[in-house]
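I opened the notebook with two topics in mind.

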Amino acid sequence: MNKEKIQSFGDQVQRAERILVISHTRPDGDAVGSLIGLGLILEEMGKEVNLVLEDGIPKVFHHLPASDRVFRESAGVYDLIVVVDCSDIDRIGNVLDDHGEPDINIDHHPTNTRFASLNMVQEDAVATVEMIYDLAVALSLPLNQPIAEALLTGLITDSLGFRTSNVSPKALRTAAKLQELGADLPTLYRKAMVEKSIEAVRYWGLGLAKIQLEDRLVWTSLSLEDRKLADYTGRDDADLINVLSTIKDTDISLVFVEQTKGTVKVSWRAQTGFDVSKTAIQFGGGGHKPAAGAEVKGNLERVQEEVLKATRETLTGRG
Ligand code: 5GP
Ligand code: MN
């Protein structure tokens, strides 16, 4: 983030009174942590802040401060609209209808489409929360324990518990600073990364029973029927993709999650040396080289077939 952009961000938030902060659908820990972290910083500055996620806060993040103040719809007119952890504007869903255009885009995805007036995109940040922490420090904005809890959650989840290849000494120093501000690392880690509901584990079971492996490619699917059978209320894969990506002697893993409205959510994970974000872009999605996603129109069987074909090309270097 260059100095001019940081200053412009600071000036815009100082001037605004009523601020909307939004992030993407099927929110993960970085989306939630960035949204709440930035929202609480702005509130501490005396701003009136609305926090909106079209899908609401997933149950696994209900322990976070202010999670009960995140709404599914925006309301009224805003002086400033900030989008966090979102690589393209379609990913926010419909929350901006009639409420204006995004002013500020804070994100770390290499596939970010620069959709706002001020685009702050830092590809080497482990998580968007790291950028928000840096902004707060650079501009001497308020930081306290609840803010630190939200930010540390994003750092823990996007780095899969500090084990992704992009974890830097700086990210670890940021985690330490957040811990010094009072964030309880072991508890936040356990809540976000370790604990699973019985429904989520049953849902995993249904996915794991269908697992397929072929030429270093491993995949499975979760149908709407599986979701019902397991009583799982989320729209995501309950993080099953990160289980598949632990399988030895594989290069790329995929999970296909059937959605209502005739689409399929695809998640890719890849070992170092592969770039699945390119494959995801082919299907209208995006992400990072080792972790990407897309929501693809079509039925489960057809999407699976097309995506596997394109992913095999990525694997053989023809993608
Ligand atoms: P996941 O597979 O865990 O949903 O996402 C992996 C990565 O891909 C994350 O960085 C996430 O932001 C990105 N991603 C997931 N789904 C989509 C999508 O539909 N569109 C875009 N642009 N990125 C996505
Ligand atoms: Mn992120």
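**Ligand site**

I began with histidine 109: one of its polar side-chain atoms lies 2.8 Å from an oxygen atom of ligand 1. I note that this is a predicted model.

I then looked up arginine 91. An N or O atom in its side chain is 3.0 Å from an oxygen atom of ligand 1. Histidine 288 came next. Here the distance from a side-chain N or O atom to an oxygen atom of ligand 1 is 3.3 Å.

How much of the accessible area of ligand 1 does the protein cover? I find 86% of the 490 Å² that ligand 1 has on its own.

I also listed the surroundings. Ligand 1 has 16 residues around it. The closest are Ser87, His109, Lys265, Ser267 and Arg269.

**Domains**

I turned to the domain assignment of the chain. It gives domain 1 as 3-193 and domain 2 as 198-315. I read 26 Å between their C-alpha centres.

**Interface**

Which residue counts make up the contact between the two domains? I get nine residues of domain 1 against twelve of domain 2.

I looked up the buried area next. It is about 960 Å² between domain 1 and domain 2, and carbon and sulfur atoms give 47% of it. On the domain 1 side, Arg26, Thr111 and Leu160 lose the most area to domain 2. Together they account for 52% of what that side buries.

Between domain 1 and domain 2 I count two salt bridges. Four residue pairs are in polar contact across this interface, both residues at pLDDT 80 or more. I sorted the domain 1 residues that touch domain 2: two are nonpolar, four polar and three charged.

One salt bridge I noted by name. The side chains of arginine 235 and aspartate 55 meet at 2.5 Å, N to O.

How values were computed: Residues are numbered from 1 along each chain as its sequence is written. Chains are lettered from A and ligands numbered from 1 in the order in which they are written. This is a predicted model: local features need pLDDT of at least 70, side-chain atom pairs count only at pLDDT 80 or more; totals for chains, interfaces and linings use all residues. Side-chain values use heavy atoms; hydrogens and water are left out. Domain bounds come from an automatic or database domain assignment. Contact means heavy atoms within 4.5 Å. Buried area is the accessible area (1.4 Å probe) that two parts lose on being put together, summed over both. A salt bridge is a side-chain nitrogen of Lys or Arg within 4 Å of a carboxyl oxygen of Asp or Glu. A polar contact is a pair of N or O atoms within 3.5 Å; within protein, one must be able to donate a hydrogen and the other to accept it, and residues adjacent in sequence count only if both atoms are side-chain atoms. Ala, Val, Leu, Ile, Met, Phe, Trp, Tyr, Cys and Pro count as nonpolar, Asp, Glu, Lys and Arg as charged, and the others, Gly among them, as polar. A residue is near a molecule or strand if one of its heavy atoms lies within 4 Å of it. Accessible areas come from the Shrake-Rupley method with a 1.4 Å probe; for residues, only the protein chains shown count as cover.
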